[in-house]
Amino acid sequence: MRISVVGAGYVGLATAVSLAETGNEVCVVEKEMDKLEKLKNGISPFFEPGLEQALNELIRERKISFHQDLKEKIHNSEIIFIAVGTPSLPSGEADLSGLIKVCTQIGKLMRDYKVIVIKSTVPVGTCDLAKRIIRENQEDLYDFDVVSNPEFLREGTALKDAREPSRIILGCGSKKARNIMQKLYEFVDAPVIITDLRSSEMIKYASNAFLATKISFINEIANICDKVGADIIEVARGMGKDKRIGSDFLRAGIGYGGSCFPKDTKALIQIAGHVAHDFKLLKAVVEVNNLQWKKVVEKLEFLLGDIKKKTITIWGLSFKPGTDDTREAPSILIIKEINRLGGVVQVYDPVIKGPVGGAFEGVTFCTDPYAAAEGSDAVILVTEWQEFLNIDWQRLKKGMAQPVLIDGRNVYDPHTIVANGFYYSCIGRPSVE
Ligand code: NAD
């Protein structure tokens, strides 16, 4: 099939690659010139394992192409995927301005039947809004369908997730669109759930809200463990063995970040609010998360006392390993707070090598974990990159002014760290002598 994908972000590119690899002719539309130029030259505009290699192969085989304007390719496309960003507005609602622009353009340019697939995460009712906008902008009444097909990929494993999704959700209003979409996803070895537009839109928010709830829940249990002397690792292990609970998303730490959970939880609270439903549970989930990053600063102050003029090392800046995405990353808040308290910050991240869009100004970027800890009074592990799991503790200790380690992700064995002469603190685990 001939497909356009509008928006060359994590979702747009992973979708485009998986569809091009399964025999479709895919053109990607991206409005930002610098991203577009990179893509045309086979360079990924962001760090995502395997993406650049996959793009280069598809470019060589002429299965994918890149364009700045949808009008160049719309007449050649049977299906148009919309994968533009839907960031939070100050109110917490999703900003649909990008999506509305694309729908307006599709309406104006359309000359024959198209399936318009909304991949972006959008509030319930947005597909109906998209239909209205497209219809209102048409010159003549051309037939079309809008399909809701939310995406569940995770940054860091975006390609694998797009190639082998856990499930495909299709909100379809017509049999014609349903048949086209089912054919498109024939390559997928996963359940395809066909439903109505609004349920499909809600599935995405409910899924992310549920996962965020699991994280805040286990973080709250960890915060109590900290005070009652229980070990959150043991507690989560015991809980996770119950199939009804499951072991995923039970790792306590400094809370969730990234471009999805924070914005989608806020958006769902707004969606509920618009129908006069006070989503108390989700509000608490957000509130717990807003406080959780502070735990590492509290632990830092407990171990060091006043941190004014002290040098603090941050290991990891991205919101999770495997990505260079720092949107809503806890590292930003932690560094700001340390600076506010008068501390000096040295950082190391395997892929982020300088300030990003206004964040991390004034911190010293170092070349490796040891260089970042040189002369430092404490190391805080913020993002659990693989590289931080194989540390030579004696080498690290030699370079530090004080051997203090705060493990924001509970990845280290406390006994090993303490045996190496460190003062160690983590989230929800008793201290080791
Ligand atoms: P992103 O910000 O990385 O990428 C969006 C891209 O769309 C940008 O490159 C932007 O320049 C481009 N764009 C915006 N308007 C355009 C237009 N009119 N024409 C052409 N290009 C345009 O976003 P993302 O992380 O890929 O997320 C996209 C959507 O998917 C969001 O709604 C998000 O919530 C959802 N989602 C994201 C993830 C994730 O892990 N990132 C996972 C599932 C769902």
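Student: In what order do the six strands of the open sheet stand?

Tutor: The order is E11-E10-E9-E12-E13-E14, with parallel pairing (two strands pair if DSSP finds at least two bridges between them; helices, H or I with at least four residues, and strands, E with at least two, are DSSP runs numbered from the N terminus). The model is a predicted one, in which local features need pLDDT of at least 70 and side-chain atom pairs count only at pLDDT 80 or more, while totals for chains, interfaces and linings use all residues. Residue numbers start from 1 along each chain as its sequence is written.

Student: Which strands stand at the edges?

Tutor: Strand E11 (364-365) and strand E14 (423-426) do; each has a single partner strand, so one side of each lacks a neighbour in the sheet.

Student: And how many bridges join E13 to E14?

Tutor: Four bridges join strand E13 (residues 404-407) to E14, and the two run parallel. Within this pair, Val404 of the sheet stands opposite Tyr423 in E14.

Student: Which strands does helix H13 touch?

Tutor: Helix H13 (residues 330-340) packs on the sheet and touches strand E9 (311-315), strand E10 (344-348) and strand E12 (378-381) (contact puts C-beta atoms, placed from the backbone, within 7 Å). The direction of H13 makes about 180° with that of E9 (axes are lines fitted to C-alpha atoms, for helices over the stretch in contact, and angles between N-to-C directions run from 0 to 180 degrees).

Student: Changing topic: which residues are closest to the ligand?

Tutor: Gly7, Gly9, Gly85, Ser120 and Thr121 are the closest of the 26 residues that surround the ligand (C-beta atom, placed from the backbone, within 6 Å). Helix H1 (10-21) and helix H4 (97-109) are the elements that give two or more residues to this shell.

Student: Thr121 is on that list; is Thr121 buried or exposed?

Tutor: Thr121 is buried, with 23 other C-beta atoms within 10 Å (20 or more count as buried, 12 or fewer as exposed, and those in between as partly exposed, with C-beta atoms placed from the backbone). Thr121 is found in the loop between strand E5 (114-118) and helix H5 (126-137). Leaving aside residues up to four places away in sequence, Thr121 touches Thr86, Pro150, Lys204 and Asp264.

Student: Where is Lys35 found?

Tutor: Lys35 is found in helix H2 (residues 33-40). Lys35 counts as buried because 20 C-beta neighbours lie inside 10 Å.

Methods:
Two residues are in contact if their C-beta atoms, placed from the backbone, lie within 7 Å.
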